[in-house]
Amino acid sequence: MKNIVWSTGHELILGDIVKTRNCELTDASGNQFIDMESGVWCTSVGHCHPRINSVMVSQIRKVMHTGFNYCNPILETAAGKVLEITDFPGGRCEFLCSGSEAVEYCIRAAKAIKPDAMVLTFSDSYFGAYGEAARQDNKEWYRYNRHGCSCDTGGEGCLGECREFAEIPFDKIGIFLFEPGSSSGLVNFPSVKLIEKISERIRENHGFIIINEVTTGAGRTGKWFGFQHYDLKPDMIAMGKGIGNGYPVSVAAFSARAAGLLEKHHFHYSQ
């Protein structure tokens with residue numbers, strides 16, 4: 001791999017995988033391996049799923065790329081399916097290329113509506129490799145350590161019953177960016193009490209709840225989405241990885257309320 005910049009931070013162990021099927025990897029010598037990580041948590045229904053491959057080949061033969069002024073009806077159909085499983089009746093979708101981009105799109109959209117609002121998130125969350133989500137400027141972001149508080153006594157993390165939680169500047173926060181279940185690659189669900197209390201405070205401020213479902217969506221937690229393990233009504237949902245089963249596609253989904261406000265603010269992503 002002398003021509004490749006290998007910048008993943010992980011050791012390259014298998015450089016000659018030539019065939020994949022379901023969870024099996026086959027190298028050039030015919031040796032087989034089990035892919036325990038599903039690629040990078042992407043192949044939600046297995047590598048080279050015949051139905052998905054067939055659909056992709058069929059679409060490529062019709063329209064592979066659209067422009068600024070023309071579209072293909074399949075986007076409307078796909079968006080309708082996404083809005084159905086996210087329970088966003090009357091909402092809208094934007095299709096993008098990566099999970100990082102979907103998260104960034106949601107943040108920029110929320111900021112377009114509430115430009116002065118701070119973003120609350122958990123300190124062990126990961127939201128992408130670029131943009132505001134990667135920088136997390138201290139002037140605009142408040143990163144809460146839910147494992148370093150005085151009410152974390154049962155290993156569940158913060159319950160929202162401590163002085164550390166009381167110090168969160170909710171009067172300045174108008175956006176809660178939540179990564180359910182996954183925290184920097186681990187499986188670690190925050191307590192239901194904590195999420196309920198944060199949600200209440202955000203709603204009191206007429207703020208927005210954005211869910212990062214890039215790693216927890218597409219059925220990976222036993223439900224369609226990780227946030228469905230909570231009594232939570234989000235405004236925006238970022239999807240990637242498993243939603244394309246390895247194909248580089250992502251989705252930013254908006255509730256009817258968020259979509260309506262976004263339209264009023266004439267939000268444009270490409271400048």
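This is a predicted model: local features need pLDDT of at least 70, side-chain atom pairs count only at pLDDT 80 or more; totals for chains, interfaces and linings use all residues.

Start by selecting residues 17–21 and 24–27, strands β1 and β2: they run antiparallel and are joined by four bridges. Together β1 and β2 make a hairpin with two residues between them, and Asn22 in the turn has a positive phi of about 55°. Arg21 has Glu24 in β2 as its bridge partner.

Look for Leu25, which sits opposite Phe33 in β3. This hairpin has four residues between its strands, and Gly30 takes a positive phi near 90°.

Next, show Met1, Ile4, Trp6 and Leu12 as a surface: they make a nonpolar patch of about 420 Å². Trp6, in the segment before β1, is partly exposed at 46% relative accessibility.

On to charges; there are nine salt bridges in the structure. Pick Arg201 and Glu204, whose side chains meet at 3.6 Å, N to O. Both lie in helix α7, three residues apart, about one turn of the helix.

Then zoom to Arg257 and Asp235, a salt bridge at 3.0 Å, N to O. Arg257 is in helix α8 and Asp235 in the loop between β10 and β11, so the pair ties together parts that are 22 residues apart in sequence. Which of the two is buried? Asp235, at 3% relative accessibility, while Arg257 is partly exposed at 35%.

Definitions and conventions
Residues are numbered from 1 along each chain as its sequence is written. Side-chain values use heavy atoms; hydrogens and water are left out. Two strands pair if DSSP finds at least two bridges between them. Patches are made of residues with over 30% relative accessible area and no salt bridge: like charges are joined within 9 Å, nonpolar side chains (Val, Leu, Ile, Met, Phe, Trp, Tyr) within 5 Å. Accessible areas come from the Shrake-Rupley method with a 1.4 Å probe; for residues, only the protein chains shown count as cover. A salt bridge is a side-chain nitrogen of Lys or Arg within 4 Å of a carboxyl oxygen of Asp or Glu. Buried means under 20% relative accessible area, exposed over 50%, partly exposed in between (1.4 Å probe, protein chains only).
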